[in-house]
Amino acid sequence: MSIKIAAVLTLLTVVAISAEAQNRLIQPLPRFFARPRYAVGGQRVVGGFEIDVSEAPYQVSLQYYNRHNCGGSVLNSKWVLTAAHCTDGSPPSALSVRYGSSEHASGGTVVPVARVVKHPRYSSATIDYDFSLLELEGEVSFSELVQPVALPEQDEAVEDGTLTTVSGWGNTQSSSESNAFLRAANVPTVNQNECDTAYEDFGGVTDRMLCAGYKQGGKDACQGDSGGPLVTEGKLVGVVSWGYGCAKAGYPGVYSRVASVRDWVRENSGV
């Protein structure tokens, strides 16, 4: 084979590989690339309002090498519930939890994570079963600023249109809002079939997922909120998981449905 022919074949191969790579990039990949809501750094809920941690005393900041990465919810003095994609690939030694503070970077108490129990059916491709339990090295001291959250029963339903509250230190999409303090937003739950249709191009939603948000958008969780609580009447019904964009019209936030794994939580944590 001449050098000239070999060079042409090499060029055609590079073009083919480049085209294949471009196709992979432009395809609407399911869920994980839609918007997993975790990110090292600390911003906050979109379209919400500032709150004191005493208004959400179950809220914690899950830290990765001492930097805010995700949210979480206190279940009892030894266990925290967060999202599996927040812990996927991270050794427990890299993780800690700050509780009892409205700021993710200071105040309250920081305790190391001793063990991560990721749901055995979690899929990073579909973000299904997006749950991890964190066993803490030390016990949480309860006070006005720190309290465990109530949990639903196994398969307990949440009615469409139920007003819920999501909180965290996730992206606000507003340069005028400080990222230092905890924020929250009130969002109604969305009919499962409607949400499934909205996310049809991303593979839809499963029975382990719960959707909440407004049709017109404007209020939502975002990157940095993952693993945090979605609560109604003091009960943890969802864990911030994923979605397309943040607070976009027609795309409600998708949360992991806590009632779908209530028995798993009890079996692994005793809560």
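**Entry 1: the chain as a whole**

I began with contacts, taking a contact as heavy atoms within 4.5 Å. Among contacts between residues at least 6 apart in sequence, 74% join residues at least 24 apart.

Before going on, I noted that this is a predicted model, in which local features need pLDDT of at least 70 and side-chain atom pairs count only at pLDDT 80 or more, while totals for chains, interfaces and linings use all residues. Residues are numbered from 1 along each chain as its sequence is written, and side-chain values use heavy atoms, with hydrogens and water left out.

I then looked up the secondary structure and found four helices and 13 strands. These are DSSP runs numbered from the N terminus, with helices being H or I of at least four residues and strands E of at least two.

For burial, I used relative accessible area: buried is under 20%, exposed is over 50%, and partly exposed is in between, with a 1.4 Å probe and protein chains only. Of the 271 residues in the chain, 49% are buried. The chain exposes about 12,100 Å², and carbon and sulfur atoms supply 51% of that. The areas come from the Shrake-Rupley method with a 1.4 Å probe, and for residues only the protein chains shown count as cover.

**Entry 2: disulfides**

How many disulfides does the structure hold? I found three, taking a disulfide as a pair of cysteine sulfur atoms within 2.5 Å.

Cys70 is joined to Cys86 with an S to S distance of 2.1 Å. The torsion about this S-S bond is about -90°, so the disulfide is left-handed. Cys70 sits in strand β3 (residues 67–74) and Cys86 in helix α2 (residues 84–87), 16 residues apart. I noted Cys70 as buried at 0% relative accessibility, and Cys86 as buried at 2%.

Next came Cys195 and Cys211, joined at 2.0 Å, S to S. This link is left-handed, with -75° about the S-S bond. It connects helix α3, which holds Cys195, to strand β10, which holds Cys211, across 16 residues. Both cysteines, Cys195 and Cys211, are buried.

Then I checked Cys222 and Cys246, where the S to S distance is 1.9 Å. Left-handed or right-handed, I asked of the link between Cys222 and Cys246? With 85° about the S-S bond, it is right-handed. Cys222 lies in the loop between β10 and β11 (229–232) and Cys246 in the loop between β12 and β13 (253–257), so the pair ties together parts 24 residues apart in sequence. Cys222 and Cys246 are both buried.

Numbering the bonded cysteines in sequence order, I wrote the pairing down as 1-2, 3-4, 5-6.

**Entry 3: salt bridges**

I counted a salt bridge wherever a side-chain nitrogen of Lys or Arg lies within 4 Å of a carboxyl oxygen of Asp or Glu. The structure holds six of them.

Arg115 and Glu135 meet at 2.8 Å, N to O. Arg115 is in strand β6 (residues 109–118) and Glu135 in strand β7 (residues 132–136), 20 residues apart. Arg115 counts as partly exposed at 38% relative accessibility, as does Glu135 at 21%.

Asp128 and Arg208 meet at 2.7 Å, N to O. Asp128 lies in the loop between β6 and β7 and Arg208 in the loop between α3 (192–198) and β10 (209–212), so the pair ties together parts 80 residues apart in sequence. Asp128 is buried, at 9%.

Lys235 and Glu156 meet at 2.9 Å, N to O. Lys235 is in strand β12 (residues 235–242) and Glu156 in the loop between β7 and β8 (163–168), 79 residues apart. Lys235 is partly exposed at 26% relative accessibility, and Glu156 is partly exposed at 30%. I also logged a network in which Glu153, Asp263 and Arg266 are joined by salt bridges that share partners.

I stopped at Glu137, which is found in the loop between β7 and β8. Glu137 is exposed, at 53% relative accessible area. Leaving out residues up to four places away in sequence, Glu137 touches Lys78, Val111, Pro112, Val113 and Ala114.
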